[in-house]
Structures are given as C-alpha cells and as structure tokens.
Amino acid sequence: MSLFRKREPPETKPPLPKAAVCCSSPARTRYAVDWLGKLGGCKPMAILSDDYADVVWQCAAEQADLLLLETDFTEGVEDKDVSARCDIAIEVRRKLPNCRVYLICEDGHPEKLPALEKAVELKLIDGYCMGDLTARQAQTWLNEAAEQNRRWGQP
C-alpha cells in the first residue's frame, strides 16, 4: 500500500452559457437578468443600452452564447421592432457565429407573426416568444446554447 496515491483529476463540468439580455428599458433588463440568475443554468449579463452598436459590442466583448432581445411594438418606436432587432442579431452573429439570438415579443400583435416567422426561416434569429417568457422556454433556449457550445468545442 502506497502512502502517496495517484490523485484523480477533478471532475470538470461544462461551463454555463453566457446569456445577454437587452429589454426595452434598463429596469426590465435588470429584472430579466435577476430572473435568469434565479432560474439558473447560465451566467446572465445585462445590456442596459439597447443602442445597436452597444449591444453588438457588449455581446462580442463578453462572448455571449445567447442573446435575448425584447421587442417593442409601440407606435412610433422603430428601433425596437422585428426588423431593427434582426439587424442587431445579424451583426452579433457575424462576430459570434455560435451565439443564439431570440426575440421576446409582447402579446397581442398577431400582425407581427409573419415577420417573426420569416426571420426564423431566414435564420436571422433562432426563435421568438410571444407574451411572457416562461421558465421552461428560457431553460430550453439555455440548453440549446449549451449544446451548441459543446458541439463546437467551446469552453
């Protein structure tokens, strides 16, 4: 019997995906990040400015695996509609090809469904949620991001 046994390497767990959140207001963003943090399964980060360049820069700087963008269909708010959010998604994906992008849309706007479906069909975004984002849906998206990272061999 040896006094000095061979030490087993510690079990390594895959890292949690980094989930960036950008809502229509800083307060909503902070709330969503807190909610994701309590949900678990990710390292949530808040993007408090929803300016196009700020969102793209922060996602790239933080190496986000998942980006949740809230839309705003209020009349006269064009910088947060489906088209503008898809522009952000395209640029984020250009810098981070494996980042999954989902839109969170307010309920009660069935006229927006064709644009959302087309965005998914064209692979501008990975998906969307109409109405309140449920814990189950968020966990599904986080699992997809984690799985994609494992496939691409990212740490």
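These legends describe close-up views of one predicted model. Residues are numbered from 1 along each chain as its sequence is written, and side-chain values use heavy atoms, with hydrogens and water left out. Because this is a predicted model, local features need pLDDT of at least 70 and side-chain atom pairs count only at pLDDT 80 or more, while totals for chains, interfaces and linings use all residues.

View 1. Helices (H or I, at least four residues) and strands (E, at least two) are DSSP runs, numbered from the N terminus. β1 covers residues 18–22 and β2 covers residues 43–46. The two strands pair in the parallel sense over four bridges; pairing requires that DSSP finds at least two bridges between two strands. K18 has K43 in β2 as its bridge partner.

**View 2. Strand β4 is mostly covered.** Six of the six residues of β4 are buried. Buried means under 20% relative accessible area, exposed over 50%, and partly exposed in between (1.4 Å probe, protein chains only). R100, Y102 and I104 point one way from β4. V101, L103 and C105 point the other way. In a regular strand the side chains alternate between the two faces of the sheet.

**View 3. β4 pairs with β3 and with β5.** β3 and β4 run parallel, joined by five bridges. L67 has V101 in β4 as its bridge partner. β4 also pairs in the parallel sense with β5 (residues 127–130), over four bridges. There, L103 stands opposite Y128. The chain crosses from β4 through α4 to β5, and this β-α-β crossover is right-handed.

**View 4. Y102 and W141 form an aromatic pair.** A search of the whole structure finds one such pair. Rings of Phe, Tyr and Trp (its six-membered ring) pair if their centres lie within 6.5 Å; planes under 30 degrees apart count as stacked, over 60 as edge-to-face and the rest as tilted. Here the rings are stacked, 4.1 Å centre to centre with 10° between the planes. Y102 sits in strand β4 and W141 in helix α5 (residues 135–151), 39 residues apart. Both residues are buried.

**View 5. The largest pocket holds about 440 Å³ of space.** A pocket is found on a 1 Å grid over the protein atoms alone, with a 1.4 Å probe: it is an open set of points with protein on both sides within 12 Å along at least five of seven lines, and lining residues have an atom within 4 Å of a point. Of the 19 lining residues, R28, E70, I104, D132 and L133 are the closest to the pocket's centre. α1 (26–39), β3 (66–70) and β4 (100–105) each give two or more residues to the lining. α1 gives the most, with five.

**View 6. Q63 and K123 have positive phi without being glycine.** Phi of Q63 is about 55°. Q63 is found in the loop between α2 (52–62) and β3. Q63 counts as partly exposed because its relative accessibility is 43%. Phi of K123 is near 60°. K123 is found in the loop between α4 and β5. K123 counts as exposed, at 63% relative accessibility.

Notes:
Grid points are joined across faces, edges and corners, and a volume is the space filled by probe spheres set on the points. A crossover is right-handed if, with the strands pointing away from the viewer, the path from the first strand over the helix to the second runs clockwise.
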